[in-house]
Amino acid sequence: MSSFKVKGGVRLKGEIVPQGAKNEALQILCAVLLTPEKVTIHKIPNIRDVNKLIELLGDMGVKVEQLGPESYSFQADNVNTSYLDTDEFLTKASALRGSVMILGPLLARFGHGRLSKPGGDKIGRRRMDTHFYGFQKLGAEFHYDSKKEIYYIDGKNLKGAYMLLDEASVTGTANIVMAAVMAEGKTTIYNAACEPYLQQLCDMLNRMGAKITGIGSNLLYIEGVKQLKGTEHTMLPDMIEIGSFIGMAAMTQSEITIKDAHIHRLGIIPDTFKRMGIKMEFRGDDIFIPAQKHYEIETFIDGSILTVADAIWPGFTPDLLSIVLVTATQAKGTVLVHQKMFESRLFFVDKLIDMGAQIILCDPHRATVIGLDRKYPLRGIRMTSPDIRAGVSLLIAAMSAEGTSIIDNIEQIDRGYQYIDQRLNALGADIQRV
């Protein structure tokens, strides 16, 4: 198990380019199974979860060719569906939560699928009901073996249908869309997720020959087609990395420019960090964050404490709440962070409290952060990364702290951020992998 040794109190300066979006990559890569023709994808992040999915596709018989550091071509013209029946497939798929999104393409093109219960971050329950509700509406039949934790799905005769999803699940919507694009007739999905990554998937599928309208809204219409063709696709920059870099710049009093941020696709992320008192300038498609010794959290109009809560798009993404929380520890003012979607994502705050942060963990979903305007700097400690987003939040805390910190279990961080130590060291950070 590797660790980061982080020297705190170092100010950074320079430009950084965000990686391709992890959450988009997991959807887009699964979509290559929908066509026997070649699909070329650019801006693929070199991170563990994505690499494992690419490896899984290769094991299934997809021809994978790396064209450059961030570009690959995929051709699924000879998929070995019998591989789905092997223990090796079940083991590899269960280690990666994003693997659930291969089910939609498999049902659409091959009429059946099989998957063990996906793994992923230990951040709370993330149920699969929305995925299977959508598949059932399209006419698929499924069985769950609770002892072996294996899903069996038969989707030989998918037909378009109207469905009102019980939750606007991003992966659930993506999976249902990929199943519906080749179903017979018209499908209507109400309460669909509409995140930029889902929009990217739908735009890509349309270039492949799908007929999807309503993209960007929560009401999608899909007219089924017989087959899809190849295409070329470039992924968006990772909005979670962009938000992480904004918070990191404020915490470390650093002057940073985030290049090619696709600002128009970031929703309320920049405004939320501005409400934390962080200054930033938009220079074309770049975000410039000046060095700030002080930043003050706004209150609501009536003077009450600011609340930052996660919500479905276009609300604030839950993946950045931990960044907001850690950034608030050195601000002036108080904020209530409300994590509605997952019940275990705030359990890293005990490490921040050990570092000297003033945080009250109200319950599994809410934490109140009292920022004392850097009056009491955080101190370096030894800690363990519990999941991807909390791990980066702890890294940011360590970079701003007095002294040296050790962060264990950094494999979690590697799952979501490519070469994060090298990229930050290039800005002047002092992070050693030990």
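Analyst: We take helix pairs, then the overall fold.

Analyst: This is a predicted model: local features need pLDDT of at least 70, side-chain atom pairs count only at pLDDT 80 or more, and totals for chains, interfaces and linings use all residues. Numbering starts from 1 along each chain as its sequence is written, and side-chain values use heavy atoms, without hydrogens and water.

User: What describes two packed helices?

Analyst: The angle between their axes and the distance between the axes. Here, the axes of H6 (residues 170–180) and H7 (residues 196–207) come within 10 Å and cross at roughly 10°. Axes are lines fitted to C-alpha atoms, for helices over the stretch in contact, with angles from 0 to 180 degrees between N-to-C directions. H6 and H7 are therefore roughly parallel (under 35 degrees).

User: Which residues of H6 and H7 make the contact?

Analyst: Contact means heavy atoms within 4.5 Å. H6 supplies Val170, Thr173, Ala174, Val177 and Met178; H7 supplies Leu198, Leu201, Cys202 and Leu205. By class, eight are nonpolar, one is polar and none is charged. Nonpolar means Ala, Val, Leu, Ile, Met, Phe, Trp, Tyr, Cys and Pro; charged means Asp, Glu, Lys and Arg; the others, Gly among them, are polar.

User: At what angle do H8 and H10 cross?

Analyst: Roughly 5°, with the axes of H8 (residues 239–251) and H10 (residues 321–328) within 9 Å. Their contact has four nonpolar, four polar and no charged residues.

User: How much of the protein is buried?

Analyst: Buried means under 20% relative accessible area (1.4 Å probe, protein chains only). Of the 434 residues, 58% qualify.

Key
Helices (H or I, at least four residues) and strands (E, at least two) are DSSP runs, numbered from the N terminus. Angles under 35 degrees count as roughly parallel, over 145 as roughly antiparallel, 65 to 115 as roughly perpendicular and the rest as oblique. Buried means under 20% relative accessible area, exposed over 50%, partly exposed in between (1.4 Å probe, protein chains only).
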